[in-house]
Amino acid sequence: MFFRKKESEAVRTVENFAQLHVGDLVTLKFREALPEGLSGETLTVDSVNAYDYAGSLMADFGLRHASGLYVSATYDPIEQTITFAHKIKHPEIIEIFGGDQLAGIFDPQSDSAVLDLRVDEVSEQRKAWVCEHYTRTLCEAQAYYYEEDRREKGISAYDDDGSVPFTYHELEGCSDNHSMSIEVWEDGETEFFAEVTVAESAVDAFLPSS
Amino acid sequence: MSILKNLFSAIKGNINTAGEAIVDSQAMTILDQEIREAKDGIAKATVSIRNLKAQAIKFDKQSLELAEDIKEYTAKAKGALDQGNEDLARKVAVKIAELTDEKTSADSQAQDLTEQTDRLYKIVKEREASIEKNKIELEKLKTYEQVQKTQVAVAAAMPSNDSGAKRVQRAMDRVKSRQQDVENKMDADKWLADLEGDADLDKALTDAGLSSSGTSADDILSKLKG
């Protein structure tokens with residue numbers, strides 16, 4: 001008589017943000033620091049792409065809420081923080097900061113490029129994503145973007161690895177957890193992202209897909 | 001049902017604190033295995049909870065879409081009424097009623113599923129805390145076992161009541177005795193050396209006519225005459 005030992009099925013567990021895959025769910029705790037649409041909500045991991053910042057790979061998680069809200073998130077394993085980024089469309093960015101200030105941000109000669117928020121122009125939904133004052137901390141830095149999950153493959157040394165080059169600027173907000181990122185692509189398209197950073201402890205649950 | 005089954009296997013891992021009782025290594029192996037199975041059960045339960053939550057999200061999304069549809073059809077119904085087209089407005093109102101029923105059903109399903117998943121997730125968290133506690137107890141038991149093994153090994157290496165200890169003691173005594181002999185000999189040699197040194201001195205004094213050692217015949221006669 002032969003006895004076959006039933007092999008236990010390997011079950012994925014997710015211990016931290018860096019281990020998320022497409023299809024996983026992330027539930028966030030109720031936190032004042034988190035904007036509406038994130039605080040106390042569950043998000044689905046929609047995509048995993050990657051940034052190459054000066055040879056350092058950073059996974060970029062696309063998260064979607066049932067309401068349609070789409071944010072991206074990056075994870076800092078050293079600080080154990082998550083930075084959520086929400087895209088601000090051009091009409092809105094001009095409305096809340098003004099064209100003149102924005103022009104100063106792109107001028108590398110400017111020593112103290114700053115952005116002051118026009119508080120009255122900010123919508124209720126946007127308020128939690130921005131703070132009143134930003135200072136540029138990085139100007140015209142170079143990076144690459146992969147529209148795929150590169151966590152297994154890593155960064156390639158070849159030019160034809162599918163990555164797309166872009167230039168970016170970073171701004172630090174007057175509060176501890178606000179920042180902004182501006183990405184300028186080769187075709188001239190410019191994207192503005194309002195960012196909110198929270199500790200990973202703001203995550204209530206990781207629910208992995210099978 | 002599979003969620004409950006996985007939770008039950010997680011519950012199996014619950015034990016009482018063993019304290020400093022005599023360690024049974026077989027019991028520890030079994031406990032280790034139970035903790036592993038419990039963790040596996042929790043991992044499977046978490047995936048099942050995720051699937052339920054995904055269903056809840058699907059109903060949430062459906063509800064939001066239906067809300068948008070209802071808003072649009074309501075605007076259309078008002079438009080039809082403004083045009084005086086009551087028949088059309090009535091047909092649109094029927095559609096709005098259907099959508100509203102669908103939305104109510106979606107809301108109810110989403111709420112039920114959310115409540116269930118929240119409840120199950122709370123149970124999972126409690127089990128995880130219990131397993132963590134059991135893991136710590138198991139580590140303590142492993143430490144006690146190691147301490148016991150060490151004590152046995154030390155006792156075997158250092159016998160306290162048999163002839164072995166006595167032999168060691170006798171050997172140490174012999175060494176001590178030899179050491180003492182050496183020291184005594186060194187003292188004697190020194191004494192002799194000193195003695196010889198004094199004899200040289202005495203001779204020198206005698207030669208110089210300054211010796212006070214020894215009694216001369218003249219001294220004795222002087223005393224006798226006294």
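By class, the lining of the largest pocket in this predicted model comprises 14 nonpolar, 13 polar and 11 charged residues (nonpolar: Ala, Val, Leu, Ile, Met, Phe, Trp, Tyr, Cys and Pro; charged: Asp, Glu, Lys and Arg; polar: the others, Gly among them). A pocket is an open set of points, on a 1 Å grid over the protein atoms alone, where a 1.4 Å probe fits, with protein on both sides within 12 Å along at least five of seven lines; lining residues have an atom within 4 Å of a point. The model is predicted, and totals for linings use all residues, whereas local features need pLDDT of at least 70 and side-chain atom pairs pLDDT 80 or more. Residues are numbered from 1 along each chain, chains are lettered from A, and side-chain values use heavy atoms.

The pocket has a volume of about 990 Å³, taken as the space filled by probe spheres set on the points. Of its 38 lining residues, Tyr53(A), Thr74(A), Thr83(A), Ser181(A) and Glu195(A) lie nearest the centre. Elements giving two or more residues to this lining include β2 (42-53), β3 (56-64) and β10 (190-199) of chain A; the most, 7 residues, come from β4(A). Strands are DSSP runs (E, at least two residues) numbered from the N terminus.

Glu195(A) is located in strand β10 of chain A.

Methods
Helix = DSSP H or I, 4+ residues; strand = E, 2+ residues; numbered from the N terminus.
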